[in-house]
Amino acid sequence: DEAATHIQKLMTKQGITEGGLRVGIKGGGCSGLSYTFSWERESRLGDQVIDGPGGTKLFVDKKSLIYLNGTVLDYDSALMGKGLHFINPNAKASCGCGSSFSV
């Protein structure tokens, strides 16, 4: 719920009234794979569309879904770790900053 609220606030700040947050995976980072975020006005062909609380939407491409299946997107409001965080059951290891992982 906190992540959904944060996503909605960011969308409003960016002036995005429709669409959602694209979440994906790309090669790189200190552990081998990195999480990516981008704002999208609509899903792409083949995307998995995940409906979240309050009408939030996440768009995930098929390739990224393999690595993100079962993942929970959370929001941490702590001073040192403020932001969206992934709780990914597929990650075997991750870096200290939490933005990259390995499988």
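This is a predicted model: local features need pLDDT of at least 70, side-chain atom pairs count only at pLDDT 80 or more; totals for chains, interfaces and linings use all residues.
View 1. Taken along the principal axes, the box filled by the C-alpha atoms is roughly 35 × 35 × 20 Å. Of the 103 residues, 31% are buried.

**View 2. The salt bridge between Arg 22 and Glu 40.** Arg 22 pairs with Glu 40 in a salt bridge, and the closest N and O atoms are 3.4 Å apart. Arg 22 counts as buried because its relative accessibility is 7%, under the 20% limit. Glu 40 has a relative accessibility of 16% and therefore also counts as buried.

**View 3. The salt bridge between Arg 22 and Asp 47.** A salt bridge also joins the side chains of Arg 22 and Asp 47, at 2.5 Å from N to O. This pair again links distant parts of the chain, 25 residues apart: Arg 22 is in strand 1, whereas Asp 47 is in the loop between strand 2 and strand 3. Asp 47 is buried, with a relative accessible area of 16%.

**View 4. Arg 44 and the salt-bridge network.** The side chains of Glu 40 and Arg 44 form a salt bridge with an N to O distance of 2.9 Å. Through shared partners, salt bridges connect Arg 22, Glu 40, Arg 44 and Asp 47 into one network. Side chains of opposite charge can pair when their charged atoms come close. The whole structure contains 4 salt bridges.

**View 5. Ser 43 in the loop between strand 2 and strand 3.** Ser 43 lies in the loop that connects strand 2 (33-40) and strand 3 (48-51). With a relative accessible area of 33%, Ser 43 is partly exposed. Gly 20 is 23 residues from Ser 43 along the chain, and the C-alpha atoms of the two residues are separated by 8.1 Å.

**View 6. Ala 93 in strand 7.** Ala 93 is part of strand 7, which spans residues 93-94. Its relative accessible area is 37%, so Ala 93 is partly exposed. From C-alpha to C-alpha, Ala 93 and Gly 32 are 9.7 Å apart in space, with a separation of 61 residues in sequence.

View 7. Asp 1, Glu 2, Asp 74 and Asp 76 form a negative surface patch. One of these residues, Glu 2, is in helix 1 (residues 2-14).

Terms used. Residues are numbered from 1 along each chain as its sequence is written. Side-chain values use heavy atoms; hydrogens and water are left out. Patches are made of residues with over 30% relative accessible area and no salt bridge: like charges are joined within 9 Å, nonpolar side chains (Val, Leu, Ile, Met, Phe, Trp, Tyr) within 5 Å. Accessible areas come from the Shrake-Rupley method with a 1.4 Å probe; for residues, only the protein chains shown count as cover. Lys and Arg count as positive and Asp and Glu as negative; His and the chain ends are not counted. The place of a charge is taken as NZ of Lys, CZ of Arg, CG of Asp or CD of Glu. Helices (H or I, at least four residues) and strands (E, at least two) are DSSP runs, numbered from the N terminus. Buried means under 20% relative accessible area, exposed over 50%, partly exposed in between (1.4 Å probe, protein chains only).
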